[in-house]
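Please open the model in your viewer and keep the sequence panel beside it. The stops below tell you what to select next and what is found there.

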Amino acid sequence: MAIQQMFLGLGGSSAPPTVDYLVVAGGGGGGQGGGTAGNRTGGGGGGGYRAASGFAVSAGVAITVTVGAGGANSANGNQSVFSTITSTGGGAGATAQNNNAQSGGSGGGGNAASGSLGFPGGAGTAGQGNNGGSGHATSTTGSRSGGGGGGAAAVGGNASTFTGGNGGAGSTSSISGSSVTYAGGGGGSGANTAGVGGAGGGGNGCSGSTSASGTAGTANTGGGGGGSIAGGVGGAGGSGVVIIRYPDSFSEAVATTGSPSVTVSGGYRIYQWTGSGSITF
């Protein structure tokens, strides 16, 4: 028995005691265009971003993995989960007709659709993301512009006259074996100049006066969608992702579901899910 235990410890055939994780939720959708020509909307907030090392796991226990979908036009993104770790979906950008930027992992951008008022963005979740930027308006309808959605690393940009706010930047992780930025906010729509999506998959806003749509956030980054203009459609948020890793001196998982990609790189075993599933060590 002692010889067998020594072999298990040295031979890499034991389960890891802890793992590192990255859990990114789906990004929020950009705001729906509608109402008066010239009303413009906010970008969607990036999905909640949570990353840490030293998360305890137990052999023989199936761990749930949920990968959140991005929010459609004017809808919040969906949460992603690894075991007890939950990341909140990104908040939707404000629509053209209402001051309704949504809170989320990062908040959606505010709108500019009421007289000479520009409204604030939605709130981000502490430890996961940041607030969305404010919309901007003057008494001239044609100058109204929407705020950028918040990102994991930065607040969304405030809109200015004729210019949509840029999406907040996301956060960068190398847990996958490569440096990748996740959970950027979507750009707000602008009268003359569209807000640019934040690094980390944020979709660009649009510009003009009618029937322009925002760009979708990038899949499996949790990026927010871009804002739209009256008659257009807000860009959908990008879906999230769940990634874990542990030293490759420990054995591979006993079982997985959800078809994660599995790689060994830099001394780690890396499991990446783009759809929901599970893992058992």
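**Before selecting anything**

This is a predicted model, in which local features need pLDDT of at least 70 and side-chain atom pairs count only at pLDDT 80 or more, while totals for chains, interfaces and linings use all residues. Residues are numbered from 1 along each chain as its sequence is written, and side-chain values use heavy atoms, with hydrogens and water left out.

**Whole chain**

Colour the protein chain by pLDDT, the predictor's confidence in each residue on a scale from 0 to 100; the average is 91, and 91% of the residues score at least 70. Then select residues 1–12, where pLDDT stays under 50 and for which the model has six contacts (heavy atoms within 4.5 Å) beyond four places in sequence.

Switch to a cartoon with DSSP assignments, in which helices (H or I, at least four residues) and strands (E, at least two) are runs numbered from the N terminus. Along its principal axes, the C-alpha trace spans about 80 × 25 × 25 Å.

With the surface displayed, the accessible area by the Shrake-Rupley method with a 1.4 Å probe, only the protein chains shown counting as cover for residues, comes to about 10100 Å², of which 50% belongs to carbon and sulfur atoms. Buried residues (under 20% relative accessible area, with exposed over 50% and partly exposed in between, for a 1.4 Å probe and protein chains only) make up 52% of the 281 residues. Among contacts between residues at least 6 apart in sequence, 55% join residues at least 24 apart.

**The sheet that contains β8**

Next select β2, β1, β8, β11 and β10, which in that order form an open sheet of five strands with antiparallel pairing, two strands being paired if DSSP finds at least two bridges between them. β2 (49–56) and β10 (261–265) stand at the edges with a single partner strand each, so one side of each is left without a neighbour in the sheet. Neighbouring strands here are turned by 15° against each other on average, direction ignored, with axes fitted as lines to C-alpha atoms (for helices over the stretch in contact) and angles running from 0 to 180 degrees between N-to-C directions.

Centre on β8, which pairs with β1 (residues 18–24) over five bridges, Leu22 having Ile243 as its bridge partner. β8 also pairs with β11 (residues 268–273), over six bridges, and there Ile244 stands opposite Tyr271.

β10 and β11 form a hairpin with two residues between them, and Gly266 in the turn has a positive phi of about 60°.

**The sheet that contains β3**

Now select β5, β4, β3, β12 and β9, an open antiparallel sheet of five strands in that order. β5 (85–87) and β9 (255–257) stand at its edges, each with a single partner strand, so one side of each is left without a neighbour in the sheet.

Show the side chains of β3 (residues 62–66), whose covered face holds Ile63 and Val65, while Ala62, Thr64 and Thr66 lie on the uncovered one. Ile63 stands opposite Ile279 in β12, a strand joined to β3 by four bridges. Val65 has Phe82 as its bridge partner in β4, the strand of residues 80–82 that pairs with β3 over two bridges. From β12 (residues 277–280), continue to β9 across three bridges, where Thr257 stands opposite Ser278.

**Last stop: Gly234**

Finally, select Gly234, in the loop between β7 (180–182) and β8 (241–247). Is Gly234 buried or exposed? At 6% relative accessibility, Gly234 counts as buried. Not counting residues up to four places away in sequence, Gly234 touches Gly30, Gly31, Gln32, Asn73, Gly226 and Ser228. A C-alpha to C-alpha distance drawn from Gly234 to Ser160, 74 residues apart in sequence, comes to 20 Å.
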